[in-house]
Amino acid sequence: MRLLVVEDDKDINRQVVAALEEAGYVADKAYDGEEGGYLGESEPYDAIILDMGLPKADGVTVLQKWRRAGVKTPVIILTARDRWSDKVDGFDAGADDYVTKPFHMEELMARVRALLRRAAGHASSQITCGPVTLDTRSGKVFVDGAQVKLTSHEYRLLSYLMHHTGRVVSRAELTEHLYDQDFDRDSNTIEVFVGRLRKKLAVDLIQTVRGLGYLVDPNQPAPRV
């Protein structure tokens with residue numbers, strides 16, 4: 001999953017980005033409303049963390065512009081403790097959730113996980129397809145109850161596919177959502193990691209749809225191979 005953090009406080013921005021990366025996400029960052037607004041409108045993020053008090057363009061203005069442009073990316077707003085009006089303005093502008101400063105990083109990460117699950121239509125922190133279970137809270141993967149060790153890249157790829165079960169996901173979409181702006185999008189990295197995942201999982205979970213991409217079908221339990 002790929003997220004954007006728009007926060008002008010460089011320490012908070014750095015801490016949030018570090019926490020996201022530690023949790024297995026890819027995170028881009030912006031320090032003002034102008035840059036953040038551009039990135040949020042032009043890049044396909046899975047979620048955005050947006051501060052309300054930004055230079056150049058405030059968070060409400062940025063969010064309103066995104067929604068008018070048809071950007072449906074889920075947004076968590078960061079608000080000051082004594083500014084309840086920020087919450088109201090943020091929700092009216094199209095925010096999906098909020099966190100009040102100062103905040104515990106664990107709460108923000110929990111809200112990110114919940115937001116991503118809801119956006120993909122999942123109610124539980126555990127996503128199961130056939131014998132494979134992905135625990136978004138612990139960042140662990142199990143096959144028939146036994147944990148399978150994955151690298152961070154492998155986990156991100158499997159997580160994206162399992163969050164979007166039932167539809168074909170193209171290689172281009174995977175690349176856009178799993179890697180930051182500087183990633184070489186002409187590489188064959190996706191194919192390499194799909195191959196590694198198939199070997200480690202040892203089940204027929206990830207289907208290749210020729211010419212289109214990859215599919216995880218929740219209606220077809222995958223037998224061992």
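**Helix packing, nonpolar cores and buried residues**

Helix 1 crosses helix 5 in a right-handed manner, a crossing being right-handed if the near helix is turned clockwise from the far one by less than a right angle, and left-handed if anticlockwise. The contact involves Gln-15, Val-16, Ala-19 and Leu-20 of helix 1 together with Met-105, Leu-108, Met-109 and Val-112 of helix 5, where contact means heavy atoms within 4.5 Å. By class, 7 of these residues are nonpolar, 1 is polar and none is charged; Ala, Val, Leu, Ile, Met, Phe, Trp, Tyr, Cys and Pro count as nonpolar, Asp, Glu, Lys and Arg as charged, and the others, Gly among them, as polar. The model is predicted, so that local features need pLDDT of at least 70 and side-chain atom pairs count only at pLDDT 80 or more, whereas totals for chains, interfaces and linings use all residues. Residues are numbered from 1 along each chain as its sequence is written, and side-chain values use heavy atoms, with hydrogens and water left out.

Helix 1 (residues 10–22) and helix 5 (residues 105–119) pack at an angle of about 55°, and their axes are 11 Å apart. Axes are lines fitted to C-alpha atoms, for helices over the stretch in contact, with angles from 0 to 180 degrees between N-to-C directions; helices (H or I, at least four residues) and strands (E, at least two) are DSSP runs numbered from the N terminus. The two helices, helix 1 and helix 5, are therefore oblique to each other, given that angles under 35 degrees count as roughly parallel, over 145 as roughly antiparallel, 65 to 115 as roughly perpendicular and the rest as oblique.

A second pair is formed by helix 6 (residues 152–163) and helix 7 (residues 171–178), whose axes come within 11 Å and cross at roughly 120°. Helix 6 and helix 7 are therefore also oblique to each other, and helix 6 passes helix 7 in a right-handed crossing. Arg-156, Leu-157, Tyr-160 and Leu-161 of helix 6 meet Glu-173, Leu-174, His-177 and Leu-178 of helix 7. This contact comprises 5 nonpolar, 1 polar and 2 charged residues.

The largest nonpolar core has 47 residues, and those with the most contacts inside it are Leu-20, Leu-108, Val-112, Leu-174 and Leu-205. Helix 6 supplies the largest share of this core, 6 residues. A second, separate core of 19 residues includes Ala-30, Ala-57, Val-60 and Val-71. Such a core is a set of buried Ala, Val, Leu, Ile, Met, Phe, Trp, Tyr and Cys residues joined through side-chain atoms within 4.5 Å; buried means under 20% relative accessible area, exposed over 50%, and partly exposed in between (1.4 Å probe, protein chains only).

Cys-129, in strand 6 (residues 126–129), counts as buried at 1% relative accessibility. Leaving aside neighbours within four places in sequence, Cys-129 is in contact with Met-162, Leu-205, Val-216, Asp-217 and Pro-218. Cys-129 and Val-216 are 87 residues apart in sequence, with a C-alpha to C-alpha distance of 8.0 Å. Leu-78 of strand 4 is likewise buried, at 1% relative accessibility. Beyond residues up to four places away in sequence, Leu-78 touches, among others, Glu-7, Ile-49, Val-99, Phe-103 and Leu-108. Thr-73, in the loop between helix 3 (59–68) and strand 4 (75–80), counts as buried at 10% relative accessibility.
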